[in-house]
Amino acid sequence: MDTNLFSVIIGSGSYIPTLKISNDYFLNHVFYDKDGTALSKPNKDIIQQFEKITGIQERRYVSDAQVASDIAGLAAADALISSGIDPESLDYIIVAHNFGDINASNRRSDFVPALASRVKHHLRIVNPLTVAYDLTWGCAGWLQGVIQADYFIKSGSAKRVMVIGAETLSRMCDPHDRDSMIFSDGAGAIILEARHSSEPVGILSHVSKSYTDDMAYVLGMGSSYNPDFEGDAIFIKMNGRKLYESALKTVPLTIKDCLDKASVSISDVDKLLIHQANQKMDEAILRELFTICGEGGNIPLDIMPMTISWLGNSSVATIPTLYDLIVKGNFADQAFNRGKNIVFAAVGAGVNMNAVTYRIPF
């Protein structure tokens, strides 16, 4: 393996759905507990408590005419424009998602053909050597796609890889489950390219972990909490407390392992781009990370940019969308500086988690 070969990001794109859904949208919902009992608190109180914990004030939903592969294609096209490359020069297109395409009028997962094949078709790429495939790995799927892309590049089997994260979680939410307020839709993409450098740049290290002993089903699928719900649809279900407690213990250690692997200290990290499902959880993870790294009292104020308040949790799209907003100057008071280190980190269903240390090229 060429030790002077690195994977660098040469382009990024995103698609943020135009339909804004404020918390007031849920005022008239009827929420039930997991035992089928209707919640007694007024929805206004439920929503206020939800916002206090998660930080979410609004989220974005796709229009009825759109599915995940459509918005994945829009983010991909944006990334191609950003990179300026010939689409036919891509060696791989990896699309991370969890539910495939779900039509608004028939909410069943559609995986055939693969979403990556659909995106390649939408982009009108005809090169048969542009290999397109899907990756389902929970909310950490996009970052795992980035890790796979790095393996392809470091092995010499690829020069350019596009990695897309796209999801329409609004189509998989139980309207009678208060956790449904967490989820949103969106798509983000990056293009990685092989670059020779005498100094380490781009992806410096990565770590992936799967906790499947007592955590495998902390996120899963289940029937509506409404005992009178008609039909046999299943929806996203989450044991939020158990996931919170597990993430607080394991995610900081995963990030530290990744930093140690790159010989980078937490004090040398400029930005932490973390998957966002719960603002309080991410803030607790950040505090624990700095504590175990011996820097408990030295957390920079702007190290962890957050979009959760207005974009919610768009699963695999969260991190690439955040990256794209910052790199294109569309995130107030946030920027990436040449030669600085950033860390990507994610956790999701499985329970799967990962982290990547990345150095912005000079």
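Predicted model: local features only at pLDDT ≥ 70, side-chain atom pairs only at ≥ 80, totals over all residues.

Visitor: Which residue in the turn between strand 14 and strand 15 has a positive phi?

Guide: These two strands form a hairpin, with three residues between them. In that turn, a positive phi of about 145° belongs to Gly350.

Visitor: Why is strand 14 described as largely enclosed by the rest of the structure?

Guide: Let's look at its two faces. On one side Asn341, Val343, Ala345 and Val347 are buried, and on the other Ile342, Phe344, Ala346 and Gly348 are buried too. Strand 14 is largely enclosed because the number of its residues that are buried is eight of the eight.

Visitor: Strand 14 also pairs with strand 13 (residues 269-274). Which residue of strand 14 is the bridge partner of Leu272?

Guide: Strand 13 and strand 14 pair in the parallel sense, over five bridges. In this pairing Leu272 has as its partner in strand 14 the residue Val343.

Visitor: Leaving aside neighbours within four places in sequence, which residues is Ile164 in contact with?

Guide: Contact here means heavy atoms within 4.5 Å. With those sequence neighbours left aside, the partners of Ile164 are Ala72, Ala76, Ile93, Ile94, Val95, Ala96, Val119, Trp142, Gly188 and Ala189.

Visitor: Which residue of strand 9 is the bridge partner of Met162?

Guide: Strand 9 (residues 185-196) is mostly covered, with nine of its 12 residues buried. Strand 8 (residues 160-168) pairs with strand 9 in the antiparallel sense over nine bridges, while strand 1 (residues 5-15) pairs with strand 9, also antiparallel, over 10 bridges. For Met162, the bridge partner in strand 9 is Ile191.

Visitor: What is the volume of the largest cavity?

Guide: The structure holds one cavity of 30 Å³ or more. Its lining is made up of Tyr15, Ile16, Pro17, Asp185, Gly186, Ala187, Leu311, Ser314 and Thr321, which divide into five nonpolar, three polar and one charged. The volume of the largest cavity is about 40 Å³.

Visitor: Which strand gives the largest share of that cavity's lining?

Guide: The lining of the largest cavity includes Asp185, Gly186 and Ala187. The largest share is three residues, and they come from strand 9.

Visitor: How many residues of helix 8 (residues 318-327) are buried?

Guide: Thr321, one of the residues lining the largest cavity, is among the buried residues of helix 8, as are Pro320, Tyr323 and Asp324. Helix 8 is followed by Gly329, whose phi is positive, near 75°. The helix is largely enclosed by the rest of the structure because its buried residues number nine of the 10.

Notes
Residues numbered from 1 in each chain as written. Heavy atoms only, no water. Buried < 20%, exposed > 50% of the residue type's maximum accessible area, 1.4 Å probe, protein only. Helix = DSSP H or I, 4+ residues; strand = E, 2+ residues; numbered from the N terminus. Pairing = 2+ DSSP bridges. 1 Å grid on protein atoms, 1.4 Å probe; cavity = no way out; pocket = protein on both sides within 12 Å on 5 of 7 lines; lining within 4 Å. Points joined across faces, edges and corners; volume = space filled by probe spheres on them. Nonpolar A, V, L, I, M, F, W, Y, C, P; charged D, E, K, R; others polar.
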